[in-house]
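Hi,

Here is the structure I promised to pass on.

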Amino acid sequence: MNKIIAIQGAEGSNHHKVAQDFYGDDIQLKECMSFDILVDSLIDESASIGIMALENTIAGSIIPNYALIDKNNLQIIGEEYLNIHHHLMALEGQDITDIQEVWSHPMALLQCKEFFKKYPHIKMVEDVDTADVAKRIAKNNLKGIAAIAPKIAASIFGLTILADDIQTIKDNSTRFVIVQTNVPTIYENCNKASIKFQLNHKRGSLAAILNAMSDCKMNLTKIQSLPVIETPWKYSFFVDVTFEEFKEYQKSISLIEIMAENFKVLGVYKNGRHPSTLYPFQEKNESI
C-alpha cells in the first residue's frame with residue numbers, strides 16, 4: 001500500500017531511511033523543512049504518517065518535538081532506532097584535495113569537526129539539511145563542494161563517497177517515532193507506551209506514580225519533564241514504559257489516571273529495541 005509519509009528534511013535524509021526501514025520502499029515522501037511543517041501536513045491530511053526524531057545519544061532529547069506531539073494530539077504508533085553515520089560525498093571524479101567547501105547541517109558539521117582538522121583548506125559552511133545539500137550538488141553540478149550526509153543520499157543522487165564514517169563519536173544513535181493524528185485502537189503485539197501527566201507539588205507525588213508503575217511490572221525506559229508554559233514552576237512529565245502483559249499496563253494506567261493531573265496516553269506501540277541487544281541503540285544501521 002502506498003503511503004504519504006511526512007519526513008523532516010529531504011529525500012536521502014536519515015528520516016527517509018527510517019521511513020524505508022519501517023514501511024519498505026512502497027512509500028511516497030512529503031519533504032518538510034521543519035517539524036512544525038511536518039505536523040501541519042498531518043493536520044491538513046496532506047500526509048497520513050509522520051516520522052519525527054525524538055532523542056539522540058549525543059544531543060539528548062529534542063524537547064520541542066515532545067511539545068508538538070502533545071499540543072497537536074498526535075499518537076505514537078511505532079519507533080525506530082537508527083545508528084547515525086556521517087559520510088563525505090561529492091561529484092564523481094574528485095578527491096578530497098579538490099574540495100574547497102563542505103556544506104551540511106550545523107550538527108553534522110560539529111560532529112565531524114575533528115576530521116576536518118586534517119584538511120584546513122576546506123571551509124565548513126552551515127546549511128539547512130544534509131540530504132538537501134547532496135541533492136543541490138548533484139542537480140547544479142557543483143564541483144569543489146562536498147556534503148556531509150547519510151550514505152543513502154549518495155546512492156540516490158549519484159555522488160561519490162570521499163570518506164566514510166567521519167563523525168568523531170562513532171556510537172551516535174537517534175530514536176525516531178512514527179506518529180499519526182487518528183489511530184484505531186489496536187493493541188496486538190504492543191509492549192510499550194508513552195504517556196504524559198502533571199503532578200501537584202505534594203511531597204512524594206512522583207515517587208508514588210513510579211511505585212505504582214513498578215507494582216504493575218512496568219519498566220520505566222524514559223522520563224522527561226517540560227515546563228507548563230501557562231503555569232510557572234509547573235511541569236509535565238513525559239514517560240515511556242515497557243510491559244509484558246497488556247492487562248498490567250491497563251492496571252497501571254487506571255491508577256495513574258487517579259493519582260495524576262491532565263493524564264494523556266500519547267501512544268501504545270511495539271518496542272523498537274530488541275530485548276536481547278545489550279546496546280539497543282546500535283540495532284539499526286543506516287548503511288545500504
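Let me start with a cysteine: C216 counts as buried, because its relative accessibility is 1% and the cut-off for buried is under 20%. Please keep in mind that this is a predicted model. C216 is in no disulfide, and the nearest cysteine sulfur, that of C190, lies 18 Å away. A disulfide would need the two sulfur atoms within 2.5 Å, and by that rule the count is 0 disulfides. C32 is buried too, with a relative accessible area of 1%.

Now to the nonpolar cores. The largest one has 32 residues, and I51, M52, I69 and V179 are the members that touch the most others in it. Strand β3 (residues 49-56) gives this core its largest share, 5 residues. C216 turns up again in a second, separate core of 18 residues, which also includes L199, I256 and A260.

What does V179 touch, leaving aside residues up to four places away in sequence? Its contacts are L42, S48, I49, G50, M52, I69, L74, Q75 and I76.

On to the strands. Strand β5 (residues 75-83) has 7 of its 9 residues buried, so it is largely enclosed by the rest of the structure. β5 pairs with strand β11 (residues 173-180) in the antiparallel sense, over 8 bridges. For L82, the bridge partner in β11 is T174.

Finally, helix α3 (residues 63-71): its buried residues include N65, Y66, L68, I69 and D70. After α3 comes N73, which has a positive phi, near 55°.

Best wishes

Note on methods:
Residues numbered from 1 in each chain as written. Predicted model: local features only at pLDDT ≥ 70, side-chain atom pairs only at ≥ 80, totals over all residues. Heavy atoms only, no water. Core = buried A, V, L, I, M, F, W, Y, C linked by side-chain atoms within 4.5 Å. Buried < 20%, exposed > 50% of the residue type's maximum accessible area, 1.4 Å probe, protein only. Helix = DSSP H or I, 4+ residues; strand = E, 2+ residues; numbered from the N terminus. Contact = heavy atoms within 4.5 Å. Pairing = 2+ DSSP bridges.
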